[in-house]
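Biologist: Before we look at anything, could you take me through how such a model is read, feature by feature?

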Amino acid sequence: MISAVGNDADEVFQVLKTAKTGIGRISLLETVHTDELPAGEIKLSNGQLREMAEMPARYPCSRTGLLGLIAARQAVRQAKIRDMGEFRTGLVSGTTAGGMDRSEVFYRSFLDDAGKGRLRDVVTHDCGDSTESIADGLSVRDYVATISTACSSSANSILYGSRLLKSGMLDRVIVGGAEALTLFTLNGFNSLMILDRNICRPFDLNRNGLNLGEGAAFLVLESDRIAKQEPSRILCEVTGFGNACDAYHQTASSPDGHGAWLSMNKALMTARLHPGDIDYINAHGTGTQNNDLSEGLAIEKLFGAEIPLCSSTKSFTGHTLGAAGAIEAVICVLSLVNQVVFPNLNFNQRMNELHFSPVNTCRSDVHLRHVMSNSFGFGGNNTTIILSVYGHEHLH
Amino acid sequence: MSICIKGTGIVSPQKTFHDGGFPDEVVEYRGIRYLKCIEPPYREYIDPMTGRRMSRIVRMGICAAKKCLQDAHVTMPDAIITGTGLGCIEDTEKFLTSVIRNGERLLNPTPFIQSTHNTISSAIALSIKCHSYNSTYVHRGFSFENALRDGIMFLHENPDSNVLVGGLDEITDHSYLIMSRMGFWKRKPIDNLALLEYGDRGSVPGEGVSFFMLGNRTDDDRNCVRIRASDILYKPQSEEYITLKLQQFLAGQDAGGIKPDLLLFGLNGDPRSDSIYHNIHNILFRDCNLAYYKHLCGEYDTSVTFALWLATMILRHQQVPDVIKLKAFEPGEINNILIYNHVHGINHSFMLITRC
Amino acid sequence: MKELIENLKNEIIESLNLEDVTPDQIEADTPLFVEGLGLDSIDALELIVLLEKKYGLKIDTAEEGKRILYSVRTIAENIIRSRNP
């Protein structure tokens, strides 16, 4: 993974432990809001990212595509994949704005004169382009798919990839998502008046909105049969996933968090787990009034008095939209592998409506078997993933 | 796999919305640069207060989806899955333009909210209060195929369910201009019904919204049409490889060695992309009936949904409209239709559609 | 004030695309949101943009928005107040 808190999973792990946010002043994206709106920006130019992604200069590629390729290459390396043709392998990526970062450059010229603007800046516009850049970089041929369900896009990549494996269509699938910070999304969320002018405070009484971020994360999923051939490579298991629609309002979450409750409950059912089995929740926790209340109530409804440890790591990375589900899934993998729960930064005071508080210090006195990650999007597209330590059946 | 199509709802540049079958009258467009949809009577499907912010594609999407629910006699689907290449491109352009023109100040939020690709699948869910599975795929010429794969998996996981799957794309002036500069479209205005006669480079862009209700079973065997098999091919290295893969597809388990009675190929009038269709017809299916469809709906990322709808109508009514016939037309029963389409030679799609 | 209220009604109908609503259906004191005219949070954001563009009335927070955008009359009062501080 690559994000504002580190350029690979090891760096991210180190930063998360020190409780230091990656959110700060925007310095690379050229925007009039640079002094008002902080964000989780990756402090690397497109040129630097191209080098890291091993993407030759002649190929048009959006920042989204570059971030995605960097993260996907890391995942493939870590999974020790030597030959992409060895098994039936697919790539599933989630993004919301795709190559919008380049389209913005194109549009400035195009709006003045429809004959102007470099076409190489707009051929990467559509969401599928970044996925194909990643697939080509990794030589994935057997299946490609792109998902765009707003802020749950890459959580749905994990869900879709897991099901492609279960159905027997593929043996191995690289799943995740990528999202660059753009004027389009920054101004879009600003027009919704839900961007915090300070660093976000998820689940805090005085929370005042979210900060955007950028990044990418990918995970290599393998069918049980393939994974078992080299068990030392297995980090954890995707045991549950749930997708439900809040169907309440175009942008707002239902006040009782019905959709959130449904997706968490479905995930528990596919994992054949009880609420009490969940040891940690990586919440969607954007820091908006609406989300945190709705999600918090849904968590209380599902878990009752026994609320697991819970935190929102968006206070580190910012909200990376289409990439958020995958970034937070990788953070959950780090939690499971290292048996540590990362804190929810900037939490001071519990919300009046809730009876629980998020974890606000780094906790290593934990025994994590099953962790849950929530991702909720515009239009009520809610998805929950459950990750478990491998071979958890034997632990009971 | 073999999944049943229980109902359809389609908005296209043809009069496909009201009629139960293929429309009696083919709409001919003369001297056009792109094909636009004939819009359905929105007010019959969307109350004005709910629709006050909806863009054209969102309205068309809701109408087509509701029509499909009616056609399938389903009130509440168990999943809503859409595929779209460019999504709500009109609102995307609107917001992007205002960001640049207004210098990032005082921006109306509505076009931003409705620029997200999942706008339509979630608007359908909202309009019928459907809390079930909901997803949206956005992968160029695979957008619908990704969604269809999801729908088929869903039906395996939940055998008794009804899955609403759709493909949708809209054309705008900006996207037309930009893709013209990329060389995708013909330089001069054309007559749609003569699409294959021009011989110069480029196709004609179009748009459409099509929904299908999929299930494992149907109560109405007479009208039952099945998607017997479907597969995709990403960036195949050669024509020989495509031919081989298509042979394997037809011989494969799902297809059960079926020989198609009708080929429905995605010819779009651009010789660069049409040669593969002719070659495959010559090599694999020399005597087989060949039909085409993009002169009716135009070229777009999810145009394969128009072909799927057309195949459903042909199998249901046992009638092949004259306007789509291209080569070797033998009268006779049509039991199996092979759809083959590719987008820019990158995203290739095969579907085998059969009568029950 | 009266003229301003009438202008606002027309502008609200036009900018929010309320096809089936006529100006006389909106009373100056009808709540615009939920139980009244049935507008929602997105309409509120649209109105905030409209009011700043057209009348220079700045609304910075959602809380302030709720108070000012309560009815056509409250909007008019706030516009007048912002002109004569």
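This is a predicted model: local features need pLDDT of at least 70, side-chain atom pairs count only at pLDDT 80 or more; totals for chains, interfaces and linings use all residues.

Biologist: Into which domains is chain B divided?

Modeller: Domain bounds come from an automatic or database domain assignment, and here chain B has domain 1 (3-215) and domain 2 (226-355). Taken over C-alpha atoms, the centres of these two domains of chain B are 22 Å apart. Two residues are in contact if their C-beta atoms, placed from the backbone, lie within 7 Å; on that basis 43 residues from domain 1 of chain B and 36 residues from domain 2 of chain B take part.

Biologist: How many residues does the largest nonpolar core have, and where does the core lie?

Modeller: In soluble globular proteins, nonpolar side chains tend to be buried together. A nonpolar core is a set of buried Ala, Val, Leu, Ile, Met, Phe, Trp, Tyr and Cys residues joined through C-beta atoms within 7 Å, where buried means that 20 or more other C-beta atoms lie within 10 Å of a residue's own, exposed means 12 or fewer, and partly exposed is in between. The largest such core has 251 residues, and A:A71, B:L264 and B:I339 have the most contacts inside it. Both domain 1 (3-215) and domain 2 (226-355) of chain B give residues to this core, so it lies between them. Leaving aside neighbours within four places in sequence, the contacts of B:L264 include B:A291, B:Y293 and B:I339.

Biologist: Which residues of helix α7(B) are buried?

Modeller: Helices are DSSP runs (H or I, at least four residues), as are strands (E, at least two), numbered from the N terminus. In α7(B), the buried residues are B:I242, B:L246 and B:L250. They cover an arc of only 70 degrees around the axis, which puts them on the same side of α7(B); the arc is that of the directions from the helix axis to the C-beta atoms. On the other side of α7(B), B:E240, B:Y241, B:L244, B:Q248 and B:A251 are exposed. The buried residues of α7(B) pack against β6 (225-234), α8 (271-284), β10 (336-343) and β11 (347-355) of chain B.

Biologist: How many residues of chain C are in contact with chain A?

Modeller: Five residues of chain C touch seven residues of chain A, and helix α2 (residues 41-55) of chain C gives the most to that side of chain C, with three residues.

Notes:
Residues are numbered from 1 along each chain as its sequence is written. Chains are lettered from A and ligands numbered from 1 in the order in which they are written.
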